[in-house]
Amino acid sequence: MIIVLKKGTLQKDVDNFIDGVKQKGLGVHISTGVDKTVIGLLGDTSKLDPEDFLANDIVESAERVSAPYKMASRSFHPSNTVVTVGANQSGVRPCNIGDGKTVAVIAGPCSVENERQIIDAALAVKNAGARILRGGAYKPRTSPYSFQGLGKEGIRLLLEAKKESGLPICTELMAISEIDNFTDVDMIQVGARNFQNFDLLKELGHSGKPILLKRGLSGTIKEWLMSAEYIMANGNENVVLCERGIRIYDNYTRNCLDVSAVPYLHRVSHLPVIIDPSHACGLRWMVGDLAKAAVAIGVDGLEIEVHCNPEKALSDASQQLPPEMFSALMSKLAQIAAVDNRTI
């Protein structure tokens, strides 16, 4: 249920109202805007009558929220959420995702392979304008015989690349048992195969770190937002949604990029939305076109795979861009973003 308080309501009256709600055994989510305060009621509100709240002089409106996701809903939080990655660190430039002014680009190789490889990639993507370094330390692979990543050593190498480049880092967590290794990781990625690993999502709710939540292989928008709700309901509202393509009946590309998800999510949710064109198509020559389409439709950011020698990459060689191709793409993306008064 959503309660909107009248403009100019005194803080003591707001506090008294919230105390009364909590006495009913309900949780409260407060969103304070310039003109009004929106209070979302969390818990079983089925026995509450919105009309009872309207009897209070400070209440402007009261209505039920039909969507099963509450904290991720724009009804609960009318203003856009801005997630900051890499804040309050010496030598690291923080990156805002969802501020409406910039398109945040996360770039780097699919997998961390060795120290020279990840540092070279970090410097290359930074020089091209990327703001966050990505790289897989733990790799979920379809085949048990494929390269599975370097694990804890991969995270150490990412941190070395962070020191060299000044870029905050984003890497994927696959299991709760590995979470202690992610203490110094700036943004934790939840991959498509784990997007409904609810125990993992609950644990990430306690982490306080920015979470990049990818859409499942065949996940619906509702299922995706409910996964975000698990993280947020456990205390962490720093969630960024990542559309990376969904599985359809055709196979001419690795997946099918759902660009229509971006404006829809912006309408129903306040969370930032980014697109991963690399996993969406799996084809190097197509990545740029999908990235340009994403920026044109208003995405808050991009996650693009870049490798200094793609042909020798240990994973996903066919979809990773060489640095020169990535740099040229970034220039084109900047031109598209400028049409909407944004920068890359």
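How many cavities of 30 Å³ or more does the count come to? I get one cavity of 30 Å³ or more. My rule for it: on a 1 Å grid over the protein atoms alone, a cavity is a set of points where a 1.4 Å probe fits but cannot get out.

Basis. I am working from a predicted model, where local features need pLDDT of at least 70, side-chain atom pairs count only at pLDDT 80 or more, and totals for chains, interfaces and linings use all residues. I number residues from 1 along each chain as its sequence is written, and side-chain values use heavy atoms, with hydrogens and water left out.

Entry on the cavity. I looked up the largest cavity and found about 40 Å³ of space in it; a volume here is the space filled by probe spheres set on the grid points, which are joined across faces, edges and corners. I list its lining as Arg-134, Gly-135, Gly-136, Lys-139, Cys-170, Thr-171, Glu-172, Gln-189 and Glu-303, where a lining residue has an atom within 4 Å of a point. Strand β9 (residues 169-172) gives the most to this lining, with three residues. I took helices (H or I, at least four residues) and strands (E, at least two) as DSSP runs numbered from the N terminus. By class, I note one nonpolar, four polar and four charged residues in the lining of the largest cavity. Ala, Val, Leu, Ile, Met, Phe, Trp, Tyr, Cys and Pro count as nonpolar, Asp, Glu, Lys and Arg as charged, and the others, Gly among them, as polar.

Entry on the pockets. A pocket is an open set of points with protein on both sides within 12 Å along at least five of seven lines. I find about 250 Å³ of space in the largest pocket. Of the 18 residues that line the largest pocket, Lys-139, Pro-140, Arg-193, Arg-254 and His-279 lie nearest its centre. I sort the lining of the largest pocket into three nonpolar, six polar and nine charged residues.

The second largest pocket has a volume of about 180 Å³. I count 15 residues in its lining, and Thr-9, Val-14, Thr-32, Lys-36 and Thr-37 lie nearest its centre. α1 (11-22) and β2 (27-32) each supply at least two residues of the lining, and the largest share, three residues, comes from α1. I sort the lining of the second largest pocket into five nonpolar, six polar and four charged residues.

Entry on helix pairs. I fitted axes as lines to C-alpha atoms, for helices over the stretch in contact, with angles from 0 to 180 degrees between N-to-C directions. Contact means heavy atoms within 4.5 Å.

I began with α3 (residues 115-128) and α4 (residues 152-165), whose axes come within 9 Å and cross at roughly 40 degrees. That makes α3 oblique to α4; angles under 35 degrees count as roughly parallel, over 145 as roughly antiparallel, 65 to 115 as roughly perpendicular and the rest as oblique.

Next I took α5 (residues 198-205) and α6 (residues 221-233), which pack at about 40 degrees with their axes 6 Å apart. α5 and α6 are therefore oblique to each other. I have Phe-198, Leu-201, Lys-202, Leu-204 and Gly-205 in α5 meeting Ser-227, Tyr-230 and Ile-231 in α6. By class, this contact has five nonpolar, two polar and one charged residues.

Last, I checked α9 (residues 284-296) against α10 (residues 323-339) and found an angle of about 20 degrees, with the axes 9 Å apart. α9 and α10 are therefore roughly parallel to each other. I divide the contact of α9 with α10 into nine nonpolar, one polar and three charged residues.
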